[in-house]
Amino acid sequence: QVQLVESGGGLVQPGGSLRLSCAASGSIVKIYVMRWHRQAPGKQRELVAAITSGGSTNYADSVKGRFTISRDNANNTVYLQMNSLKPEDPAVYYCNVDASAIATFGIRAYWGQGTHVTVSS
């Protein structure tokens, strides 16, 4: 199994920055794609950013130019640097990875518990 623990959420003023982290642990064989999603109250969960094991990235249009996803493969960690935060960015941010693990067949999706981001003056 693979466990994900997010950190770095909190309260920030509009225009401010936060850096989210998500550390994966457990019986990991290989982590493929790592993603950040978010879900605001009353809205569907949406994909914010993704990064492959080779470093290719993809972003939602709403965060392009403001958010940067990166990963540390040696430490099985993915980051989301969020700059120029806007009032529409508050949500619970979830980490999600596709990974293979010992004693687990194939590649599975794993999810973290989420971390809250609030943008308010």
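**Core, sheet and salt bridges of the predicted model**

The largest nonpolar core comprises 33 residues, and those with the most contacts inside it are Trp 36, Leu 80, Met 82 and Tyr 93. Two or more residues of this core are contributed by each of strand 1 (2–7), strand 3 (18–26), strand 4, strand 5 (46–51), strand 7 (67–72), strand 8, strand 9 and strand 11 (115–119). Strand 9 supplies the largest share, six residues. In soluble globular proteins, nonpolar side chains tend to be buried together. The model described here is predicted.

Four strands form an open, antiparallel sheet in the order 1-3-8-7. Strand 1 and strand 7 are its edge strands, each pairing on one side only. On average, neighbouring strands of this sheet are turned by 15° against each other when direction is ignored. The antiparallel pairing of strand 1 with strand 3 extends over six bridges; Gln 3 has Ser 25, in strand 3, as its bridge partner.

Charged side chains form a further set of contacts. Five salt bridges are present in the structure. Side chains of opposite charge can pair when their charged atoms come close. In the salt bridge between Asp 98 and Arg 35, the closest N and O atoms are 2.7 Å apart. This pair links distant parts of the chain, with Asp 98 in strand 9 (residues 91–101) and Arg 35 in strand 4 (residues 28–39), 63 residues apart. Asp 98 has a relative accessible area of 17%, and the corresponding value for Arg 35 is 18%. Because buried means under 20% relative accessible area, Asp 98 is classed as buried, and Arg 35 is likewise classed as buried.

A second salt bridge joins the side chains of Arg 38 and Glu 46, with an N to O distance of 2.7 Å. Arg 38 is buried, at a relative accessible area of 5%, whereas Glu 46 is partly exposed, at 33%. Through salt bridges that share partners, Arg 38, Glu 46, Arg 66 and Asp 89 are joined into one network. Another salt bridge is formed by the side chains of Lys 64 and Asp 61, with 3.1 Å from N to O. Asp 61 counts as exposed, its relative accessibility being 64%.

Backbone geometry was also examined at two loop positions. Ser 84, which is not a glycine, has a positive phi of about 50°. Ser 84 is located in the loop between strand 8 (77–82) and strand 9, and its relative accessible area of 39% makes this residue partly exposed. Ala 103, also a residue other than glycine, has a positive phi near 65°. The position of Ala 103 is in the loop between strand 9 and strand 10 (107–111). With a relative accessibility of 84%, Ala 103 counts as exposed.

The loop containing Ser 84 lies between strand 8 and strand 9, and the loop containing Ala 103 lies between strand 9 and strand 10.

Technical notes: Residues numbered from 1 in each chain as written. Predicted model: local features only at pLDDT ≥ 70, side-chain atom pairs only at ≥ 80, totals over all residues. Heavy atoms only, no water. Salt bridge = Lys/Arg side-chain N within 4 Å of Asp/Glu carboxyl O. Buried < 20%, exposed > 50% of the residue type's maximum accessible area, 1.4 Å probe, protein only. Core = buried A, V, L, I, M, F, W, Y, C linked by side-chain atoms within 4.5 Å. Pairing = 2+ DSSP bridges. Axes fitted to C-alpha atoms, helices over the stretch in contact; angles between N-to-C directions.
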